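Subject: Structure handover

Hello,

Please find the structure below. My notes on what was found in it follow.

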Amino acid sequence: ALLHVYPLPKLLRGVSVQHVAADVEWLRAQALERAAPMESKWSTAPVEELTQFGAAMLAPRLQSSGSRLVINDSRDVHYLLLYSNQCVHVFIDEAIISCASLSLLSIADRQVLGLQGGKDGVCVDLGLLRSSSLFLKALLSIEFPLLADDLCPEPSADWLVRHLTRMQEKGFCRTQVSLAGSSADDRSGSIRLFDVKKLQMFSQFVYPFVEACWLVGLVCCTLSHPRPEHTAMDRITRVAEHLLGSGIVLYQQVTNLDMLRNGIALMKEFQYITRSNGVAPPTLALSSTQPVQSLQSFVSRANAMRCKPWEGSTDAILDYINTLPLAAKL
């Protein structure tokens, strides 16, 4: 609840235990509604007791200072996020739609939602939301295989309608068209978003995975010639560490090898790169069936889904990566 609601500067100053408890109570109710496994004691315990127990378990990275909970070192955020990752699958559907929704808002729109507390809401186009949600669903299909179309018996449009309906019932959004009775594929209209705090909370569950896919796609754009797979992975890891240190990348999880390998698998699945077969060591190369511009378009679209998108052009960030000594040497 802490990491998914409050910005880092506020966490470093401290957050009222009372406010955290309220968010914990809401999050617990959402998890139980989705039949998430939870120890019976904590499914019914007073929220104050649950909050105190959780804070004690996370010490010393999370510390109690009077009536406030404080994170003393910004680097501890990445460690604490490993705990929240354990329940990503519980909220994955709403996380995808929330992340896609926020990606369609301008910075000004997000500020309006935040300042007004969602009173009047901000509209986004239903067609754009559909397209962005399904793109994000495909992007995450390697990390979360049950999202893949071949393993999910429910048509994608019906999946979107079902979860938008639930989010509408919870007051996160309001649609300007009826969602009942027919496929979303042919609908046009708009969605009015309200509770940006909760949308951001859900989005935080997938932001690290989106950032990893963006990063891998970005480095794959620099594959000017086939490279041994282990060399390419080393390059991606080193670029990830550099961008993390410079603040361009926000989540330390993107340096995780399994997450980066899944990013490579996604690039192959989308046919942006190829992996040699029967060659030792195996090599990675840009696909000959798709122009590099297609990969750059993917990178640009993934960037828009990130918590803190790169504000310059894709060419600009590629030029920056190519000037890094580690990239030039590799």
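What share of the contacts in the chain with a separation of 6 or more is accounted for by residues 24 or more positions apart? The share is 67%, where contact means heavy atoms within 4.5 Å.

Before the rest, a word on the source. This is a predicted model, in which local features need pLDDT of at least 70 and side-chain atom pairs count only at pLDDT 80 or more, while totals for chains, interfaces and linings use all residues. Residues are numbered from 1 along each chain as its sequence is written, and side-chain values use heavy atoms, with hydrogens and water left out.

The chain as a whole

The chain has 330 residues, and 48% of them are buried (buried is under 20% relative accessible area, exposed over 50%, partly exposed in between, with a 1.4 Å probe and protein chains only). The secondary structure comes to 17 helices and nine strands (DSSP runs numbered from the N terminus: helices are H or I of at least four residues, strands are E of at least two).

The sheets

E2 is joined to E3 (residues 68-70) by three bridges, and Gln63 stands opposite Val70 in E3.

Another open sheet of three strands runs in the order E7-E9-E8, again with antiparallel pairing. E7 (227-228) and E8 (273-275) are at the edges with a single partner strand each, so one side of each has no neighbour in the sheet. Three bridges link E8 to E9 (residues 283-286), and Ile273 is placed opposite Leu286 in E9.

The cysteines

A search of the whole structure finds zero disulfides (a disulfide is a pair of cysteine sulfur atoms within 2.5 Å). For Cys307, the closest cysteine sulfur is in Cys99, 8.8 Å away, which is too far for a bond. Cys307 is partly exposed, at 27% relative accessible area. Cys213 is buried, at 7%.

A residue in helix H6

Tyr83 lies in helix H6 (residues 76-84). Tyr83 counts as partly exposed because its relative accessibility is 45%.

Regards

Methods:
Pairing = 2+ DSSP bridges.
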